Amino acid sequence: MPIPADWPTTEAEALAEQERLRPLVEPTGAASSVPVGDDRLIAGVDVAYDDERDLVVAAAVVLDRATLAVADEATATGRIAFPYIPGLLAFREIPAVLDALDALTHRPGTVVCDGYGLAHPRRLGLASHLGVLTGLRTLGVAKTPFTFDHRPPGPDRGDRTPLTDPATGEEVGSAVRTRAGVKPVFVSVGHRIGLTEAVETTLALTPHYRLPETTRHADSLCRRALAALTATGATGATVSTSDVN
């Protein structure tokens, strides 16, 4: 979909926008008594890129919290919104992610991002940025610790250790063992959720695999959508949705 007209186009503009939005992050669940979406539903979002054709495909997949069955899904395709700069990846992904979320038939109460929230140099990773823009409860579950420190958690599922900023000692997330004997994931608050709840949510979404089911489904969907575009040679902006109930 078209990139918003006021979307930052330079590193300086993006940094200024992060500074503007950072105070708006709600890093606990205290403000979450007023639901924005259906708390019985939880979504995952992810993106895939075709840099040669300047295309990004975002996917949003909604799961039933109780059964982890897919309830809804949507994709959105558009131009890449921002150059690749570490720490500013949200500006590449969010326009397409917002379009995919808007195309859903069901509005989830929580969104899981494949990335960071407060575990970010300016405490405004993708999950926090997306949460502030949408008002949704968000959390980040990343595959790597980015620039932060952690001790290895214990070997058992559910073991966790703090993820800390080496410059300040601040706890910005948790290294969490979701599968026994498998390397941990890195969980951080996005918006309107506390760290303990974010960790518990991550464990509830990982009954069989290291990564949350939300992330697994969204990753698969955006890759399939991008492959389909590549096969057909399509370059235009598109949105598709499927209510799978």
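Tutor: Residues are numbered from 1 along each chain as its sequence is written, and side-chain values use heavy atoms, with hydrogens and water left out. Because this is a predicted model, local features need pLDDT of at least 70 and side-chain atom pairs count only at pLDDT 80 or more, whereas totals for chains, interfaces and linings use all residues.

Student: At what angle do helix 2 and helix 3 pack, and how is their arrangement classed?

Tutor: Helices here are DSSP runs of H or I with at least four residues, and strands are runs of E with at least two, numbered from the N terminus. Axes are lines fitted to C-alpha atoms, for helices over the stretch in contact, and angles run from 0 to 180 degrees between N-to-C directions. Helix 2 (residues 90-102) and helix 3 (residues 126-134) have axes 10 Å apart and pack at an angle of about 45 degrees. Angles under 35 degrees count as roughly parallel, over 145 as roughly antiparallel, 65 to 115 as roughly perpendicular and the rest as oblique, and the two helices are therefore oblique.

Student: Which residues of helix 3 make the contact with helix 2?

Tutor: Contact means heavy atoms within 4.5 Å. On the side of helix 2, the contact is made by Ala90, Phe91, Glu93, Ile94, Val97, Leu98 and Leu101. Helix 3 contributes Leu126, His129, Leu130, Leu133 and Thr134.

Student: How many disulfides does a search of the whole structure find, and which cysteine sulfur is nearest to that of Cys113?

Tutor: A disulfide is a pair of cysteine sulfur atoms within 2.5 Å, and the search finds zero of them. Cys113 is in no disulfide, and the nearest cysteine sulfur, 13 Å away, is that of Cys222.

Student: Is Cys113 buried or exposed?

Tutor: Buried means under 20% relative accessible area, exposed over 50%, and partly exposed in between, with a 1.4 Å probe and protein chains only. Because its relative accessible area is 0%, Cys113 is buried.

Student: Where does His208 lie, and is His208 buried or exposed?

Tutor: His208 is placed in the loop between helix 4 (195-204) and helix 5 (213-232). Its relative accessibility is 56%, so His208 counts as exposed.

Student: Which residues does Pro108 touch, not counting residues up to four places away in sequence?

Tutor: Pro108 is found in strand 4 (residues 108-113), and its relative accessible area of 2% is why Pro108 counts as buried. With that sequence exclusion, Pro108 touches Gly37, Asp38, Leu41, Ile42, Ala43, Val62 and Leu136.
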